Amino acid sequence: MRALRWYGKEDVRVEQVPDPTIEDPRDAIVKVTSCAICGSDLHLYDHFMVGLEKGDILGHEFMGEVVEVGKGVNGKLKVGERVVVPFTIFCGECDQCRKGNYSVCERTNRKKENADKMFGHSTAGLFGYTHLTGGYSGGQAEYVRVPFADCTHIKVPESLTDEQVLFLGDIFPTGWQAAAQCDIEPTDTVAIWGCGPVGQFTIRSAILMNAKQVIAIDRVPERLAMAQAAGATTINFETQSVVEILNDLTQGKGPEKCIDAVGMEAHVSSTLDSVVDRAKQAMMMETDRPHVLREMMYVCRPAGTLSIPGVYGGLMDKIPFGAAMNKGLTFRMGQTHVNRWTDDLLRRIEEGQIDPSFVITHRMNLNDAPKMYETFRDKKDGCIKVVLTP
Amino acid sequence: MRYKTNESQRGQADSATFRLAQFLGVFSIMLGVGELIWGGVIARHTGLEGYEWLVRVYGAREIGNGLLILFSKDPTSWIWPRVIGDVLDAATLIWGYTRDPSHVMGVVIAFVAVTPVVIADIYCAMKLSGESTKPLEPVKDYGDRSGI
């Protein structure tokens, strides 16, 4: 089969690899009908995340048709069924899964010792996302082996198209969880840094949760226009002062809820801290560029909440923790507990409350994936979300 | 990294680099004026006694270079001469040290003072040179993509 494999910084290739096979009774094989390039794939492409090995297959946002199931799936998934596969692999049986904390499943990371060393305790296995999270082959391929397939799936009805449901596997629930973690009230102003795909879903989630005002921050005109289309007030951080405008829009008090949909690769702008971060990152003195975190901690209203769906990988410097502590800020973050949210989100799609396909700007063949990684990373051609068909 | 057509300023994606180029232009003029005025003092503290005129020539070069950066439509061609000037300055400082090693502190201070600007010159020149000269494509219209 064809699959997209990682070979190093900015080096991904579509190659022939052996078809996956059932390795465990709880496995299933899914024939991929649609997959997407996620913003967090770019951290791998740019090699800011450690733990990949040459030849690893990328991709954690995909869906398709079940073509084979192991004996241990016990009828919970049948050949021919159409499924979206959540990017977090979960067993459904451990203490964390029973609490709905699927992204920290205690059993699915088969390379647990790596994560234990890095994070103190292991998190769940993820598709196509380094050997810190299990080293599982990803879904930018024609076929994928889905471990723990009796749990790790979202069945979707035939009445909905791939483009309407594909993002249930990652960016839609990720945006939803980011907003849900804020416990949004109708009097709240929610500020969202980053209008990439996750940011766009966070904006719409905050609006569906009845926030009084949603403010979106980015610098790319197409992304700001898409945020505005949903009803957000926008700030272009290259030409406007984020802190001043956020204070102006909140009577000088700052937003109650701040969401970081940017993560470790914040744009290196004309601010001194972002330039210093980039230099330190290049010299391996810091792994992440936390400009957005600093700005959120500074501008957030006292007793407010910071929600962080943006991916961070390791260590960062000059965090104004004094401001956070004295203002009594609440931090909520984590990889998405995808299946905690998908029943509700699928219902909302079926009812027509939201059509997630609004975010797709580029539809290509899997063979074009290497070129599209670059286009997406460089935000060329108005690129916001790429969907690939094998 | 893209040009905007019919504008003296480059595309929005690289406005930070454009601002850096303008800062370097202003810095170049200020440094040049300083070298013209205090050429003798600088020469005495860097082992270049008897070559005050050389320091002042360098000052004139800095002023000219700075003006070209500030008033050209595309500063790229005038940032690279700053990098070449940096190399020339460094070579002259080393030459001054070999003439009179007793001024080692003056030479070290001069090196430390200009190093950040040298890094900024190289960064700015490389960044501007990496740009495409194609005009900006029109912004895609996603104003109707509400999704909700």
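Helices (H or I, at least four residues) and strands (E, at least two) are taken here as DSSP runs and are numbered from the N terminus.

## The model

This is a predicted model, in which local features need pLDDT of at least 70 and side-chain atom pairs count only at pLDDT 80 or more, while totals for chains, interfaces and linings use all residues. Residues are numbered from 1 along each chain as its sequence is written, and chains are lettered from A, with ligands numbered from 1, in the order in which they are written.

## Chain A as a whole

Chain A contains 13 helices and 18 strands. Its radius of gyration (taken over C-alpha atoms) is 20 Å, close to the 21 Å that the globule rule (2.2 Å times the number of residues to the power 0.38) gives for 390 residues, so chain A is as compact as a globular protein of that length. Along the principal axes, the C-alpha atoms of chain A fill a box of roughly 60 × 50 × 45 Å.

Of the 390 residues in chain A, 53% are buried, a term that requires 20 or more other C-beta atoms within 10 Å of a residue's own, whereas exposed residues have 12 or fewer, partly exposed ones lie in between, and the C-beta atoms are placed from the backbone. Two residues are in contact if their C-beta atoms, placed from the backbone, lie within 7 Å; among the contacts in chain A between residues at least 6 apart in sequence, 72% join residues at least 24 apart.

## Helix α13 and the residue after it

Helix α13 of chain A spans residues 369–377, and its residues Ala369(A), Met372(A), Tyr373(A) and Phe376(A) are buried. These residues cover an arc of only 110° around the axis (judged by the directions from the helix axis to the C-beta atoms), which puts them on the same side of α13(A). The buried residues of α13(A) pack against several elements of chain A, including β1 (2–8), β2 (11–16), α1 (39–45) and β18 (386–389).

After α13(A) comes Lys379(A), which has a positive phi near 55° although Lys379(A) is not a glycine. Lys379(A) lies in the loop between α13 and β18 of chain A, and with 17 C-beta neighbours inside 10 Å it counts as partly exposed.

Ala303(A) lies in the loop between α10 (291–299) and β15 (305–308) of chain A, and is exposed, with 10 other C-beta atoms within 10 Å.

## Where the chains meet

In the contacts between the chains, 14 residues of chain B touch 20 residues of chain A.
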